[in-house]
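We will go from stop to stop, selecting as we go.

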Amino acid sequence: MSDDKRVYLFDTTLRDGAQTQGVDFNVGDKQALAAALDRLGVDYVEGGWPGANPTDDAFFGNAPRFKRAKFVAFGMTRRPGRSAANDPGLSALLNAKTHAVCMVGKSWDFHVDVALGIARSENVAMIAESVTHAKERVAEVMFDAEHFFDGYKNNPAYALECAEAAYKAGARWIVLCDTNGGTLPHEIERIVGEVTRTIPGSNLGIHCHNDTENAVANSLAAVRAGVRQVQGTLNGLGERCGNANLVSLIPSLMLKTDFKTGLSDEDLKHITHLSRLLDERLNRAPSRSAAYVGESAFAHKGGLHVSAVEKDPKTYEHIEPGVVGNRRHIVVSDQSGRANILARFREIGLEINPDDPKVAALVETVKLREYDGYAYDGAEASFELLARRGLGTVPDYFKLARFRVMDERRWNVRGDLVTESEATVTLDVHGEDMMTVATGNGPVNALDTALRKALTPLYPGLSDMRLVDFKVRILTPQAGTEAVTRVMIESADASGERWSTVGVSTNIIDASYEALNDALTWKLLKLAQASAAQ
């Protein structure tokens, strides 16, 4: 591909996206999303700010192993009055042992005068010295020119001086930031065009916020004007109104322009799944109206639209939905689902004749279960088991006869208020009845412990399995027994394998058991497959 048309994708979901109100990633969330972004094929994944909080420290301390992306740590240029070599914040950034670092610094004279209260020349020196120092220690240095567009509109010469200082000091990328999100596309295109007269577009990036609902448009305008790195977040997460949404920006670049990314056509088919995976981890409903990936993005309801689409989908669809991993949905007579499910079969290594009657039965089963509240985009292990069970290829490793869970809240002998959970489980394992009792930190942990206490002696491979995340969502507004609850459970083992399962019920413990059952069964199935392959 031509270097002139290559656009590099920089994801900052785990750093800038984590600043979204109501979003609180844990280490497990960051690890899972980083791995998913790497599989998608983005060029850079920014993990967070080393030294800023315990979560980021733990994440960088057990850094993900990328196959495609480059891992990036974020931080600031040196502080006023300190040398670059003697600044604790800069040292923490450079000691994160990532391929690249991205340093933020001021480029708006107003901020330098008011927020920093230092001489403008000192700010330029901070930028240049920090980049020079970092360049000696990491492979790739980037400079985020904070508030660049506001600064350029106020004092073009000074904003450009700040950006040029980083470029001359050796920064690979100079990222022009619309930090307040108030710049419009025509302004972005004009200013970027002027900047490229000083700094080559092949060294420029764009970082847009969405305060005027123009972050994606601004990013595309910047690319058109010459920048070759685009920063954004999954589903447009970010402070205030969010950042440029990579989930819509990436397909727009790949399908609507002649610019190139590092993603293949096959990679692009996973973007709907990734978008919904993020929402599941945030325990929120995906936006139905989201461009490209929303449930309604290719939905058609009655009348002239349906009639036309049945003749030729291009009449009311700007792209073929499967290109981005989505599906067409005819509300009146639903004909969707078969192709997507067959594609998912191939992904899990399940070969089946498309004309097999069991495929049609599975399609209908998935539709019915999703209507009932199941969400398989965030629960790949449960989907695989559903598919394999439909084909009769999952052994009955164990059967539940009954379980009972009790919670007790009391004062102990020291006068402390404690709450204890106890689970009793009776299982049929190969014709043998087994009953176990276990306590835990909450009813689900107690139930999980009791199940594995019974099964591990017979299936030692379960010994390294652990529950790493648990999310609950109420799917219906009704109260009491009418409320439908969805439980998502993520499990992991010592090899680093992570898998997610789902359960749905009007009873939260029953939904939890369903998800736990799938988690244990999936692990046992994988152990059996690995043993058979040896």
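## Stop 1: charges over rings

Select Arg369 and Tyr374. The charged end of Arg369 sits over the Tyr374 ring, 4.0 Å from the ring's centre. Keep in mind that this is a predicted model. Now select Arg6 and Tyr8. Arg6 lies over the face of Tyr8, and the distance to the ring centre is 4.2 Å.

## Stop 2: aromatic rings

Next, show the rings. The count comes to 15 aromatic pairs. One of them is Phe10 with Tyr44, a tilted pair with 5.8 Å from centre to centre and 35° between the planes. Phe10 belongs to strand S1 (residues 8–11) and Tyr44 to strand S2 (residues 44–46), so this pair ties together parts 34 residues apart in sequence.

Is Phe10 buried or exposed? Its relative accessibility is 0%, so Phe10 counts as buried. Tyr44 is buried because its relative accessible area is 3%, and the cut-off for buried is under 20%.

Then select Phe59, Phe60, Phe66 and Phe71. Together they form one aromatic cluster.

## Stop 3: an enclosed strand

Select strand S6, residues 173–178. Six of its six residues are buried, so S6 is largely enclosed by the rest of the structure. Look at where the side chains go. Trp173, Val175 and Cys177 point one way, while Ile174, Leu176 and Asp178 point the other way.

Which way do its neighbours run? Strands of a sheet pair through backbone hydrogen bonds, either parallel or antiparallel. Leu204 in S7 is the bridge partner of Ile174.

## Stop 4: the nonpolar cores

Select Phe148, Ile174, Val195 and Ile250. These have the most contacts inside the largest nonpolar core, which has 86 residues. Color helix H7 (residues 156–168) as well. H7 gives this core its largest share, seven residues.

Zoom in on Ile250. Leaving out residues up to four places away in sequence, Ile250 touches Leu9, Leu40, Leu263, Leu268 and Ile271.

Another core, of 34 residues, lies apart from the largest one. Among its members are Ala381, Leu447, Leu451 and Ala515.

## Stop 5: Leu277

Select Leu277, in helix H12 (residues 271–281). Leu277 has 9% relative accessibility, so this residue counts as buried. What does Leu277 touch? Not counting residues up to four places away in sequence, its contacts are Ala36, Gly378 and Glu380. Draw a distance from Leu277 to Leu14. These two are 263 residues apart along the chain, and their C-alpha atoms are separated by 14 Å.

## Stop 6: a three-stranded sheet

Last stop. Select strands S11, S12 and S13. They make an open sheet in the order S11-S12-S13, with antiparallel pairing. Which strands are at the edges? Strand S11 (399–411) and strand S13 (432–440) are, each pairing on one side only. From one strand to the next, the twist averages 10°.

S12 covers residues 417–429 and is joined to S11 by twelve bridges. Pick Met406 and you will find Glu422 of S12 opposite.

Conventions
Residues are numbered from 1 along each chain as its sequence is written. This is a predicted model: local features need pLDDT of at least 70, side-chain atom pairs count only at pLDDT 80 or more; totals for chains, interfaces and linings use all residues. Side-chain values use heavy atoms; hydrogens and water are left out. Two strands pair if DSSP finds at least two bridges between them. Helices (H or I, at least four residues) and strands (E, at least two) are DSSP runs, numbered from the N terminus. Axes are lines fitted to C-alpha atoms, for helices over the stretch in contact, and angles run from 0 to 180 degrees between N-to-C directions. Buried means under 20% relative accessible area, exposed over 50%, partly exposed in between (1.4 Å probe, protein chains only). Contact means heavy atoms within 4.5 Å. Rings of Phe, Tyr and Trp (its six-membered ring) pair if their centres lie within 6.5 Å; planes under 30 degrees apart count as stacked, over 60 as edge-to-face and the rest as tilted. A charge sits over a ring if NZ of Lys or CZ of Arg is within 6 Å of the ring centre and within 35 degrees of the ring normal. A nonpolar core is a set of buried Ala, Val, Leu, Ile, Met, Phe, Trp, Tyr and Cys residues joined through side-chain atoms within 4.5 Å.
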